[in-house]
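Good morning, everyone. Please look at the screen.

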Amino acid sequence: AFKTPMRAARGFVMLTPPSSQGRVFMREGQPYRFVGMNMWAGMHLVHEGGRAKLVRELDRLQSMGVRSLRVLASGEGPDDSPWRLLPTLQPKMHMYSEPLARGLDYLLAELAVRDMTATLVLNNQWSWSGGQAAYLAWATGSENIPFPAPAGSATVDSFLRFSAGFYTDARAVAASHWLISFLTRRMNSVSNVKYADDPTIMAWEMCNEPRAVGGPLEREAYRLWVAQTAALLKALAPKQLVTIGSEGMTPIPQYIGTDFAADHSSLHIDFATVHIRPEVWSWYDPVVGNEEELEQAIRMSQQYLANHAMIARRLGKPLVLQELALSRDGGAFIATAPTTSRDRYFDALLRSVHESAEVAGAQLWAWAGEGRPKEAGVHWVLGDELIGDPPQERQGHYSIFDTDVTTVATIAKWSTRFHEYT
């Protein structure tokens with residue numbers, strides 16, 4: 001049976017006043033720290049499997065002590081684009097899907113019942129939800145987005161340079177701001193609470209991993225976009241927090257064109273974020289997967305987190321480890337493969353978060369729950385279950401399944417320790 005979303009959410013997650021000790025998250029007078037989860041397809045689960053499936057997944061996460069979810073609140077068409085999460089929230093510019101929006105309504109209402117919060121992601125650097133490239137294509141009338149393989153023949157660099165054109169096109173930026181206005185003013189069809197007045201929404205995230213690949217023009221335009229978009233969110237939803245969605249400096253800071261400290265210094269940005277991907281950054285090879293490889297991944301990840309925590313402290317703002325991911329042992333994709341290395345990695349990094357005064361929480365990548373890939377290790381297509389891996393990633397790569405007993409136990413252990421702060 002469904003839970004009936006009746007109880008209103010608790011108070012807003014807020015920042016403490018500035019002090020020499022920095023600022024921390026508070027909720028109803030108590031420190032707010034959390035172990036959270038990425039469940040980016042939350043609003044789609046209602047569309048895919050009905051409300052009952054979403055309820056089961058939220059019940060599982062609640063039983064683990066998960067307090068906060070990072071979920072997608074966007075998605076741009078057209079729906080026949082490759083590597084696209086379907087259905088899209090915006091199949092066309094300035095047009096939205098009411099059924100999918102109602103899925104987001106229901107997700108937020110169910111989170112309120114469980115006293116959980118959400119970070120809503122409003123845009124995407126990557127193509128799997130449309131994002132910046134889709135907005136630019138709409139604005140320019142282009143039908144030639146340079147998708148990388150296997151969807152197309154372009155390089156990742158070519159795609160990123162195309163996507164960064166979003167910042168320099170006022171029409172594309174304005175189209176993305178339309179969604180912000182739509183969502184912040186939306187009245188939840190389940191709870192009858194306006195989104196901008198809903199304490200369940202801890203934060204609005206401007207974009208998933210925005211980069212400014214290109215030259216001085218793109219970088220200047222990127223910083224203007226940060227300033228304007230953050231100011232818009234604060235004007236429309238002043239009770240809720242705002243963050244950029246940054247992955248941090250990455251090992252290639254000159255290439256990605258962002259400036260972690262400068263970007264997060266705006267008064268309209270409430271907290272900073274980092275993402276850590278040891279495999280993507282060649283810190284860990286799961287096929288080798290020996291003790292030396294794992295220790296290297298842990299050591300370099302902890303240093304990356306510490307470096308950003310130091311900057312966050314200078315800024316006087318909390319830091320959230322927003323994505324933390326490691327594949328299964330041996331790089332396997334099947335749900336029955338062991339997770340020994342991942343469990344040790346999660347345990348070590350969650351310990352680092354717990355011990356840091358600057359890092360307020362962590363959100364693991366990514367919850368699949370009861371979902372299973374139709375075929376492990378291949379790319380998602382319409383009709384497949386949505387799990388923890390977006391369409392452009394091989395299915396099963398980073399997914400955390402409900403049968404990953406030791407991973408679930410690790411998460412529950414650290415959730416309990418984080419709760420001791422409140």
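First, the ground rules. This is a predicted model: local features need pLDDT of at least 70, side-chain atom pairs count only at pLDDT 80 or more, and totals for chains, interfaces and linings use all residues. Residues are numbered from 1 along each chain as its sequence is written, and side-chain values use heavy atoms, with hydrogens and water left out.

Now the terms. On a 1 Å grid over the protein atoms alone, a cavity is a set of points where a 1.4 Å probe fits but cannot get out. A pocket is an open set with protein on both sides within 12 Å along at least five of seven lines. Lining residues have an atom within 4 Å of a point. Points are joined across faces, edges and corners, and a volume is the space filled by probe spheres set on them.

Back to the second largest cavity. Its lining includes Asn-38, Trp-40, Arg-70, Val-71 and Leu-72. Strand β5 (residues 68-72) gives the largest share, three residues. Strands here are DSSP runs of E, at least two residues; helices are runs of H or I, at least four; both are numbered from the N terminus.

Next, the largest cavity. Among its lining residues are Met-39, Trp-40, Lys-53 and Trp-367. Here α1 supplies the largest share, three residues. The lining divides into eight nonpolar, no polar and two charged residues. Nonpolar means Ala, Val, Leu, Ile, Met, Phe, Trp, Tyr, Cys and Pro; charged means Asp, Glu, Lys and Arg; the others, Gly among them, are polar.

Of its 25 lining residues, the closest to the centre are Trp-126, Arg-277, Val-280, Gln-392 and Glu-393. Helix α4 (residues 156-164) brings the largest share of that lining, three residues. The second largest pocket has about 260 Å³.

Last stop: Leu-294, in helix α9 (residues 291-315). Is Leu-294 buried or exposed? Leu-294 counts as buried because its relative accessibility is 1%. Buried means under 20% relative accessible area, exposed over 50%, partly exposed in between, with a 1.4 Å probe and protein chains only. Leu-294 touches, among others, Tyr-284 and Tyr-345, leaving aside residues up to four places away in sequence. Touching is contact: heavy atoms within 4.5 Å.
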